[in-house]
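The entries below record what I looked up.

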Amino acid sequence: MGFDSRDTATSYTPQDGDTLEEIAQRETANGNPLTAAEIALFNWGTDDPEAVDEHLRDELDCYRRGEDNRFLISSDSEPRSELLLPQRFEESGLPINQTHTIRVRKQQAPPPQFEMCARLRGIFFETAKSFIRPSVVGDLKRVEEAMTRHSDAKALIFGHTDKVGSEQDNKDLSERRALSTYAFITDDPDTWEELYNQENWGTRAIQEILKDFGPPYDPGPVDGIYGPRTRAAVSRYQEDRGLGADGIAGPITRKEMFTEYMTSKHDVKLAPDRFMDPKHVGCGELNPLEETEGPSESNRRVMFYLFNEGRLPAIPCREGELSACRRQATEPLPRYRENFRCSFYDSISHRCPWEKPIPTVPLK
């Protein structure tokens, strides 16, 4: 017994709660003996359970999970490709009185999808802000080094928030944090100017940048007060760069400061074509590292994921919309990490060491 070509395979019609095992059992009962492994190999070239789960998620738009954490098929899915069911055929013997040439084409197993992840631990944002503090430099450099090592990888940036504020506000804020990080990496001061005005970054951001530039521009304490010392630091910065020293950090001065902040000692050389499409998304408050309703710096984070260029995941996130997020958080909710409500994010993050629960050590 063998399989006919893909031209003779039949298309599977999604049914709620189906698994490849159940599909194979039905096909076998109907006279087309199949196993779940054969269906997976025929469609995706692998029967590795984790890789199969990724294909179910990315190709068939699966988002519900069974008690074993494996993806289940849903009838309301919007697959980007069909699941094909191969048809068996009877193998006939070849004549023995002549020479035959048999060509066998080996189906290549797909490469692993996940390559690595990185958490920008230095980016501990202020509440409702997306300004990136200077402490980020070490982590961003590690991201740059990782992407140099993984030359066949594409990056995707995820923004996260804590649970302070409304669900919609946090969705929007997480998107701005991911965008702010992408703009920082790709040296885009114009986007930062938009965020500066939208979120009212104000004096604190100016003070943090000036302090990062070094002693000649020390504005004093980062306290959000535009006092004489901050004004003098701005004026000195303007003089040294020929901007006209009025001591006011207006749009022209800010653009110069943002550009220098992004391209000097914190410069990260990652071109836009090293990123997926979309390049950055926001997860809102759905995936907290710390389960708390209050302010949490550890939950205000930005994550980088690197995926093999030939195995990019299908991203369910939609800018500004909560509907896809709520769909991903639907019941039932088995998860690798209990705090992570988004089924998609949980399914990619369980391989990321930065997103694993911190083991608790009992006190003795």
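How far is the sulfur of Cys342 from the closest cysteine sulfur, and in which residue is that sulfur? I found 5.9 Å, to Cys283, which is too far for a bond.

**Ground rules**

I am working on a predicted model: local features need pLDDT of at least 70, side-chain atom pairs count only at pLDDT 80 or more, and totals for chains, interfaces and linings use all residues. Residues are numbered from 1 along each chain as its sequence is written, and side-chain values use heavy atoms, with hydrogens and water left out.

**Cysteines**

I took a disulfide as a pair of cysteine sulfur atoms within 2.5 Å. I searched the whole structure and got 1 disulfide. Cys117 and Cys352 form it, with 2.1 Å from S to S. The partners sit in distant parts of the chain, 235 residues apart. Cys117 is in strand β7 (residues 114–119), and Cys352 is in the segment after α11 (343–349). For these labels, helices (H or I, at least four residues) and strands (E, at least two) are DSSP runs, numbered from the N terminus.

I then checked handedness. The torsion about the S-S bond of Cys117 and Cys352 is about 90°, so this disulfide is right-handed.

Next came accessibility. I call a residue buried under 20% relative accessible area, exposed over 50%, and partly exposed in between (1.4 Å probe, protein chains only). Cys117 is buried at 6%. Cys352 is buried too, at 0%.

Cys342 is buried, at 8% relative accessibility. The sulfur of Cys317 has its closest cysteine sulfur in Cys283, 5.2 Å away, and that is too far for a bond. Cys317 is buried at 15%.

**Cavities**

My cavity and pocket search ran on a 1 Å grid over the protein atoms alone. A cavity is a set of points where a 1.4 Å probe fits but cannot get out. A pocket is an open set with protein on both sides within 12 Å along at least five of seven lines. Lining residues have an atom within 4 Å of a point. Grid points are joined across faces, edges and corners, and a volume is the space filled by probe spheres set on the points.

I found 3 cavities of 30 Å³ or more. The largest cavity holds about 50 Å³. For classes, I counted Ala, Val, Leu, Ile, Met, Phe, Trp, Tyr, Cys and Pro as nonpolar, Asp, Glu, Lys and Arg as charged, and the others, Gly among them, as polar. The lining of the largest cavity then has 7 nonpolar residues, 1 polar and no charged.

The second largest cavity has about 40 Å³. Its lining includes Glu167, Lys171, Cys283 and Cys325. By class I got 4 nonpolar, 1 polar and 3 charged residues.

**Second largest pocket**

How much space lies in the second largest pocket? I got about 370 Å³. Of its 20 lining residues, Asp61, Glu78, Pro316, Arg318 and Arg327 are the closest to the centre. Helices α3 (49–60) and α10 (323–328) each supply at least two lining residues.

**Salt bridges**

My rule was a side-chain nitrogen of Lys or Arg within 4 Å of a carboxyl oxygen of Asp or Glu. The count came to 30 salt bridges.

I looked at three of them. Glu167 meets Arg326 at 3.1 Å, N to O. The two are 159 residues apart, Glu167 in helix α5 (residues 167–185) and Arg326 in helix α10. Glu167 is partly exposed at 24%.

Arg57 pairs with Asp58 at 2.9 Å. Asp58 is buried at 5%. Arg57 is buried at 5%.

Arg241 pairs with Glu260 at 2.8 Å. Arg241 lies in the loop between α8 (228–240) and α9 (251–263) and Glu260 in helix α9, so the pair ties together parts 19 residues apart in sequence. Arg241 is partly exposed at 25%, whereas Glu260 is buried at 19%.

I also noted a network: shared partners join Glu50, Glu54, Arg311 and Arg351.
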